[in-house]
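Reader: Please take a close look at one strand and its surroundings. Keep it brisk.

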Amino acid sequence: MSRYDKYSESALGVLVKTQDIALRGARGQTDSADLAAALLLTALPDIVAIARRNNAIVDDVRLKALNEGLEATHPVSADGAIKISSEFRGILDKAEALAGDAKVEPEHLIRAAWPAIKEDLAPYFRAEAEPALSLPSDDIFLPESRLYEPAGDAFRMLERFGEELTAEDSDYPIFGREAELDGLVSVLLKFWKPNPLIVGESGVGKTALVQGLAMRIKAGTVPERLKKARIFEIRVSELLAGTSLHGALEDNINQIVDAAESLPDVYLFIDEIHQVVPAFANNPIAEVLKPALSSGRIRCIGATTSTDYTRYLEKDAALLRRFQTVLVKEPDRATVRTILAGVAPLLERHFGVSIPEPLLNRALELSRRYLPMRRYPDKALDTLDRACSRAVFLGETVLNDARLLDAVKDIANVVAESGLETDSGLSGLEVILSRDIIGQEEAVNAISEAVRVSKMRLGLQEGRPDGAFLLTGPTGVGKTALAISLARALSGRDDALFRIDMSEFSDAHTAARLLGAPPGYIGYDDAPLLSRAVDSCAGGVLLLDELEKSHPQVHRLFLQILDAGRATDSTGRVLSFASITVVATCNVGGDSGTSIGFDQENGPGRVGAPMASLKRAFPLELLNRFDAIVPFRSLDESDARRILSDTIIARSNVNLRVEYGLELSFSEAATDSVLQAGFSKEFGARNLQRAYRALVSAPLSRIISDLAGSGTVRVEHDGTRLSFIPGET
């Protein structure tokens, strides 16, 4: 019988790695330094446990460098078995003595070799607060072991792969979730299947619920049967660490099961428990857990998201029936407010800042408005946490509204510090939009009024988009420009508009691109278009350009979005449009003459929507979901003159000043010549832009190198063509 039969798979893995390191170092025998390196690379859970007990962490950067350095060398060939130094032989003898009748584990090797390997391990430990400094070897100690006590050995095994949530120094306060905790406790008291499976969306507080249970147990506010309970969180990642050898993972799982079985008051907690089923990863964890759970040998608490429950756990019905499902829903606003009030003193002590009570409601509202795709209470807590850290960074001692707005910007890339965050800012929306949109006062007023109602939460239905508008009118009158201007005004940034050209969705099969193709179809792995839209334009505008050109199936999809503000993509992700303003444009009726109401002949200064044409192009129920159908009138010559001078020429001069240090000044005759060539009721402002490009930009491009730095350049018309006369800088 070989002496190595007494070693577990994990310990044998360490010894094999030790030999490999010695060969790569071209040394004729193994020594303690080789063992230290092998322990770092193959027994990481034990190393992490030692670091945790010394209030330190493992330096991942140095660990990665160690591994890469070894991989870069090639092992030398050895004649026969590699030699073992006398020092290393003594370590093995001591490890076997420590193990007694049990198999030698990596911790036995660590304990036996500790005086020799301590200095080799020290550079890989560092204090969390001082990431640049390694801990001196004198500051690292090997905690006392309970290897000789069966219960102590079991606890040691559980600590090797996880962390005790009911430990004396653990502190996980929880607020506002008493009903959920009561439900969790009631499942733990069951005779059959006392194994709760907590299911809920990301961010609703599944892990926090188990931590709150641990605090109840520590405080003794649980039924008598649970007062001695101890909860150990087992991390699947640590179970998998160092299990490259065949059978090593099964050995780890069996050790966990045996340890939990020997401790009647222990409950295992596995977060993201879907990772143990074969449908997620081809590992044997679930197959070992099933008989242990079925026979009642161990008790387990699991947690997973609703999506992963459906995608992975439901495929393993045998494992699922060992658990009792506990649904955890997103808390309501009152509960989140209670949670924030409970957490605020903790943040104040941690950051050394004061948090005024009104800012708790403000954090609640900002996270609701700008983080629709995340869940309460996580998004509200994250907003408050980031705001406090920002205040500390700036040397402030009292949290203020500006720091909350900074937090929203950091999390969602939304600039929320514009004046539109206040009622007074919203009241000036018409002025902001009118700077960019000329000749469409009625449309601007209608949009502004509807946005105010939505943004100030005066609407009757929660969860709908922050306004849904259908802009209809001839081409080139400013519909798309209004959407762009509105996005900038609402968000304070230039990239808050997500534009979808609906003419690309004229066929039924193209509609799948919006929410993602079904499994088995081309494009299934591509990110759905609407998922990208929700992620990129929170607080901004989703522009559906030329909606009338899309397929009726697309119309039915947006009927749902405009009504409920939600949709589910092909991955099962629920998309929320609650903080997005939806603007659709269409040219319906634009080629039917003046009878449909696009021109000013419908009344003095008024214009009507072409409802007859719209009803033919869209389902009536879709039209009924828009907050406003906003008609745009055709531009007249006075509008075109203002657009030419206030928009086209002004924007051209901005670019010319930056690039070439010059500015164009048009005479009245020059302006009239461009206007005469470009004004068109049929084609609108786009034809005016084409005329400016042909008459001004094109000839200017041929002589601009001679005019650069000339200051003001006078543009004149000599009756035939435009001329450019340089002025003085």
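Author: A disulfide is a pair of cysteine sulfur atoms within 2.5 Å. By that rule, a search of the whole structure finds 0 disulfides. The model is predicted: local features need pLDDT of at least 70, side-chain atom pairs count only at pLDDT 80 or more, and totals for chains, interfaces and linings use all residues. Residues are numbered from 1 along each chain as its sequence is written, and side-chain values use heavy atoms, with hydrogens and water left out.

Now the strand. Helices (H or I, at least four residues) and strands (E, at least two) are DSSP runs, numbered from the N terminus. Buried means under 20% relative accessible area, exposed over 50%, partly exposed in between (1.4 Å probe, protein chains only).

Next, its partners. Two strands pair if DSSP finds at least two bridges between them. E11 and strand E16 (residues 581-586) run parallel, joined by 5 bridges. Opposite Leu470 stands Ala584 of E16. E11 also runs parallel to strand E17 (residues 628-631), with 4 bridges between them. There, Thr472 has Pro631 as its bridge partner.

Back to the cysteines. Cys586 has 0% relative accessibility, so Cys586 counts as buried. Cys388 is also at 0% and counts as buried.
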